[in-house]
Structure formats: structure tokens, C-alpha cells
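Welcome, and please take a moment with the sequence and the structure before reading on. The paragraphs below are meant to be followed with both in view.

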Amino acid sequence: MSPATFKPVDEQLAYLKKGAAEIIPEPELRSSLEKSLKSGTPLRVYLGVDPTAPDLHLGHTVVLRKLKHFQDMGHTAIFLIGDFSAMIGDPTGVSETRPPLTREQVDANAKTYLAQVFKILDPTKTEVRYNSEWLGKLSSYDIIRLTARYSLARMLEREDFRERLSGGWKAQLFKSSEETTSGTESGRPNVKRPSSMAIHELLYPLLTALDAVELKSDVELGATEQKFNLLVHREIQREYGLPGQAILTMPILVGLDGQRKMSKSLGNYIGITEPPADMFGKIMSIPDDLMWTYYELTTDRTPQQITALKLEVSSGALHPMDAKMRLAEEIVSGFHGPDPARKAAENFQRVFRDRQSPTDAPVQKIPVGPPKKLIALLVELKLAPSKSEAERLIKQGGVELNESRIDDPRTDLDLTKPAQFLLRAGKKKFLRLIVE
């Protein structure tokens, strides 16, 4: 690659720093970019991901998109699948030992990861590696030599390790005897350990540091909660005679509730394989002030473009909802293509802004029969989880029949003859009923 391929260093840095939480150390990254520009040699930048689940949500893509930004700047993007390390489990941010994954689970998850990852990265320009290539070949001798390169005191500086050790053992030892079981065969109390920690968890940062050694990386990317691991990787690289990579961390994406990190367990997530209309609607539900963070972390727009958009909104030239619709269409387009994204935008405009029915509401056929209580029908059609919830929805004005609001929970639906009804329950659930 010729030096002319790369943009000026200041321009590269401005784009790469967009949304970043921290660069360690930034002068070192600048120096690496300058050497890269001068020599025409791209930096080796990697992101390691353990395939612990089969699918990704938008929060997972924040760091992945930063890898794409390095790729956009002409550098070598390495996507490392931690198929070996996934069987250990990254202890970052957890309060107890993760259950180990089987080889079959890891392989299945890794296969789905690649299909999703290449919705963001250019597959023709991405180096894909698996850390079982080198970690799976380590002997017991190799592991002992590795552990000798890092002190236990340094490892226990890690905050979550320290808290789990002190909280799990010390606090529990001083609890009342009612919470322990005495008289075991050993004569010692059987102490509960809600914050248990296994020895193999201490090995995780060290083993994954060998990824950085093997890949000879210049830069490693990760979320803010992975900072400790990344620093260990940098230090171990130096132990093996390498310069020591720069580190770039990205913040955690706040979920749909506008308060907590995006998480499936919290139900505030946007899955990147969800249907376009569902993705679009979820993005439109985020608070207005959060959309600028989403522009920074989930799109490829430059800081200058985002600033210009903010000025349009603050000056009144652009309505905040229109700015958010641009965001939603841009994100959906990245995962599903421009046509489905445009259709999702048009459908949202029709249903939620123009208050018209959607053109593609799902169809449900039901047989002719006696009249049925609308409350019972909402539960039967899975538009409400229970009759009490269906009644609450009606009383709050959340149910429409043929675009007319239903206020009486005792309403019957006439099913005695062939007919068609458009039923809305809540803001987003539409169903076209055909009675025949």
C-alpha cells in the first residue's frame, strides 16, 4: 500500500477518536499513524470477541464499528474469534464464575457471529483469526512460563476481582451461623460463596494476552469494562519483546430505557437481526437527547457531520423527530439495506405521525362464530399477555378497531358473519383480522 493511500494523520485521528472513551496512550497512537503514513504500511488493529451467545445487539456493534473505522482509514482489521477463551469465560463485570461453554456451543455461536459481523466489516478486507490456533497448542510448561511473567498483586489490582474476593469470603464468614451449615466432615463450616471466583479466571487476561503477541497488533480495541485486560495484553506484549500496542476503548451503549446499558436480560436492546420495522420503531423510542450518542457510536458519520445536524435541530431548521428518523433509517439500512430501511421509515411515518394504518399489517384468519369479548380476543391473538392487561390497555386508550378507539372493556366483536377488522393494541401491534 502506498503512502498516498492514507489520509493525513490529523484527519485519521479525528475520525478514529469519534465516540472513543479513552486512547492509551494517545501520543503513541499518533506516532504509529505517522510511521504508517511514512512507510505505507497499515497498522494491525484487532478486536477479540468471545462467541458466548448466538446473536448480537446494537450495543455489541459499537466496538465493531470502530474496527471498521480503522478499516476505512486503510489499516488492517483483524476480527479475532475467541473460540478457546470463550470456554474459559471473560470474568469482566460478573459477580460469580461463568458456566463453561462446550466446544459445540462455541462453534455454533462463532458461525452466526461472522454472518452478523460482515454486515459492518468488509469481508474482503478483514483478517479473521481464531485464538485456538495458538492457545489450543499450549503445553503446561508454556502456561507456567506465561504466569511467571505477571504478578498476583498486579492481577488483584483489578477492581472486580478484588471486590469478589473480599465480598465473597470475608463478608460471608462474619454472617450469622443460621446462614452457614456447621458440622461437616472436615469440621469446618460450609460457607456460602455467592461471589465465588475460580482460579482459571485469573488466567483469562494472561491467555488472551497471547492473542496480542501472536497477532503482533499495533492497536487493540475493547469496551471500557475491558480496560484491565487490554492493559495486561499491552504489558505481556512487551514481555515477549514487542513494542506494546496502543489501546482504544469505547463506551457502553445505553439501552432503550435511556438509563442502563443495552442488554438482552434487561429487555432494552435492539437486535441487529430483528425485522426492519421493529428495529426502526425501537430506535425511534429512545429519548431525544440520547440520539446524538447513537449517532456517534452506531453510525459512520464524522464529528463534523454530527455537529452540523445538531445545529440544524437547535436552530429549528430540523425537527428532532426528523433527525431521529434519519438515524433510524441509517442504522436499519446498514443491517438490512436501503430499500427495507426506506419502507420502515415510510411505515413509521404513516402509522405514528400521520396516524394511518400500516400497509403491511400481519393477517390473522378466524372462523365465523358467536360474538367474542374483545378482551378475550386480545389475549387469544397474543396482543396482550392477560385479560387484566387487555382491560388496562383498553381503559388507557391503547386499543383501536378500524382506526376508532375502543373505550369500553366490555366491547364484543361481531364474528357472526364474514368481515375484516384492523386491530391495534398498544403503539406498535397491528393485526388485520379476516372473519370467514
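What follows is a walk through this model, from the overall picture to single residues.

A word on the ground rules comes before the tour. This is a predicted model, in which local features need pLDDT of at least 70 and side-chain atom pairs count only at pLDDT 80 or more, while totals for chains, interfaces and linings use all residues. Residues are numbered from 1 along each chain as its sequence is written, and side-chain values use heavy atoms, with hydrogens and water left out.

Let us begin with the whole protein. Its secondary structure comes to 17 helices and 13 strands; helices (H or I, at least four residues) and strands (E, at least two) are DSSP runs, numbered from the N terminus. Of the 436 residues, 44% are buried. Here buried means under 20% relative accessible area, exposed over 50%, and partly exposed in between, with a 1.4 Å probe and protein chains only. The accessible surface is about 22,000 Å², and carbon and sulfur atoms account for 52% of that surface; these areas come from the Shrake-Rupley method with a 1.4 Å probe, and for residues only the protein chains shown count as cover.

How confident is the predictor? The scale is pLDDT, the predictor's confidence in each residue, from 0 to 100. The protein averages 84, and 84% of the residues score at least 70. Where pLDDT is low, the predicted coordinates should not be read in detail.

Now look inside. A nonpolar core is a set of buried Ala, Val, Leu, Ile, Met, Phe, Trp, Tyr and Cys residues joined through side-chain atoms within 4.5 Å. The largest one here has 64 residues, and L58, L221, F280 and Y294 have the most contacts inside it. Helix α14 (residues 320-336) gives the most to this core, with 7 residues. Beyond its neighbours within four places in sequence, L58 is in contact with several residues, including L253, M262, Y294, I331 and F335. Apart from this core lies another, of 22 residues, among them I366, V399, L431 and L433.

Aromatic rings are our next stop. Rings of Phe, Tyr and Trp (its six-membered ring) pair if their centres lie within 6.5 Å; planes under 30 degrees apart count as stacked, over 60 as edge-to-face and the rest as tilted. How many aromatic pairs does a search of the whole structure find? The search finds 2. In one of them, the rings of F280 and F348 have centres 5.6 Å apart and planes at 50°, so this pair is tilted. F280 lies in helix α11 (residues 276-284) and F348 in helix α15 (residues 338-353), so the pair ties together parts that are 68 residues apart in sequence. Both F280 and F348 are buried. W292 and Y295 form a stacked pair, at 5.6 Å centre to centre with 25° between the planes. These two residues both lie in helix α12 (residues 291-298), 3 residues apart, about one turn of the helix, and both are buried.

Rings can also have a charge over them, counted if NZ of Lys or CZ of Arg is within 6 Å of the ring centre and within 35 degrees of the ring normal. R149 lies over the face of Y240, 4.1 Å from the ring centre, and the charged end of K282 sits over the ring of Y269, 4.6 Å from its centre.

Finally, visit some details of the backbone. The peptide bond from I24 to P25 is cis, with omega near -25°, and P25 is found in the loop between β1 (22-24) and α2 (26-39). Both I24 and P25 are touched by R234, a residue of helix α10 (residues 227-239) that counts as buried at 10% relative accessibility. K216, in the loop between α9 and β5 (219-223), has a positive phi near 50° and is exposed, with a relative accessible area of 52%. K382, in the loop between α16 (374-380) and α17 (387-395), has a positive phi near 60° and is exposed at 71%.

Notes:
Contact means heavy atoms within 4.5 Å.
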